[in-house]
Amino acid sequence: MTDDPTEPAARPNDTASVARRLEAILLILDEPQSLVSLAAAVAAPVPAVRQAIEGLVADYDGETGGPRRGFELREVGGGWRLYVREEYDDVVGEFVNTQAPSRLSQAALETLAVIAYKQPMTRGQVASIRAVNVDSVVRTLLARGLITEVFTDPDTGAIHYGTTDQLLVNLGINSLDELPHISPLLDDGADGFDGEVLR
């Protein structure tokens with residue numbers, strides 16, 4: 001025990017305390033996280049996190065006397081994340097579609113273009129190309145049905161995204177091969193040299 005006010009107080013590691021911290025983290029996750037990653041996030045030992053997750057799974061599944069929730073805690077690709085239960089996909093899809101504006105933002109269009117031309121891609125890869133965080137934009141594109149989760153990398157847990165048939169319908173094309181070639185649309189960078197010629 002230390003009296004140093006600059007040192008953070010130790011967090012309790014009883015199952016209930018760890019579970020509450022885990023829930024807070026799980027609510028904001030966009031991609032599955034490993035037990036080790038979650039343990040680091042909530043500052044608790046891996047066994048305590050494993051026990052808390054088992055308790056949360058049972059709680060959400062209605063096995064502890066409470067109601068079965070509309071969401072579940074699932075392990076996918078070696079990581080844990082909250083998901084809507086499959087039987088409520090239609091309800092959520094209908095709600096999102098009624099809430100969604102008719103037009104996509106510039107950020108969403110740019111993200112969609114990157115995925116369309118370079119798929120399958122992870123959020124991190126898209127973010128590195130666009131040099132901005134794309135989490136909310138990817139959620140929007142998923143909700144609109146324009147992109148989908150193609151596969152999860154078994155080693156990293158990263159989700160790879162690709163476009164859907166809905167995008168083809170919206171663009172009025174039959175396949176991605178009909179997308180215009182991107183090279184002629186890109187700036188060649190010549191204007192950045194102010195006409196100077198390298199010798």
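A: Start with a polar contact, a pair of N or O atoms within 3.5 Å; within protein, one must be able to donate a hydrogen and the other to accept it, and residues adjacent in sequence count only if both atoms are side-chain atoms. Here the side chains of Asn13 and Arg21 make one, at 3.5 Å. The model is predicted: local features need pLDDT of at least 70 and side-chain atom pairs 80 or more, while totals for chains, interfaces and linings use all residues. Residues are numbered from 1 along each chain as its sequence is written, and side-chain values use heavy atoms, leaving out hydrogens and water.

Q: Is Asn13 buried, partly exposed or exposed?
A: Buried means under 20% relative accessible area, exposed over 50%, partly exposed in between (1.4 Å probe, protein chains only). Asn13 counts as partly exposed because its relative accessibility is 38%.

Q: Which residues does Val18 touch, not counting those up to four places away in sequence?
A: Contact means heavy atoms within 4.5 Å. Val18 touches Pro12, Asn13, Val42, Ala44, Ala48, Val49 and Ala52 on that basis.

Q: In what sense do E1 and E2 pair?
A: Strands (E, at least two residues) are DSSP runs, numbered from the N terminus, and two of them pair if DSSP finds at least two bridges between them. E1 (residues 71-76) and E2 are antiparallel, with six bridges. Arg74 has Arg81 in E2 as its bridge partner. The two strands form a hairpin with two residues between them, and Gly77 in the turn has a positive phi of about 60°.

Conventions: Helix = DSSP H or I, 4+ residues; strand = E, 2+ residues; numbered from the N terminus.
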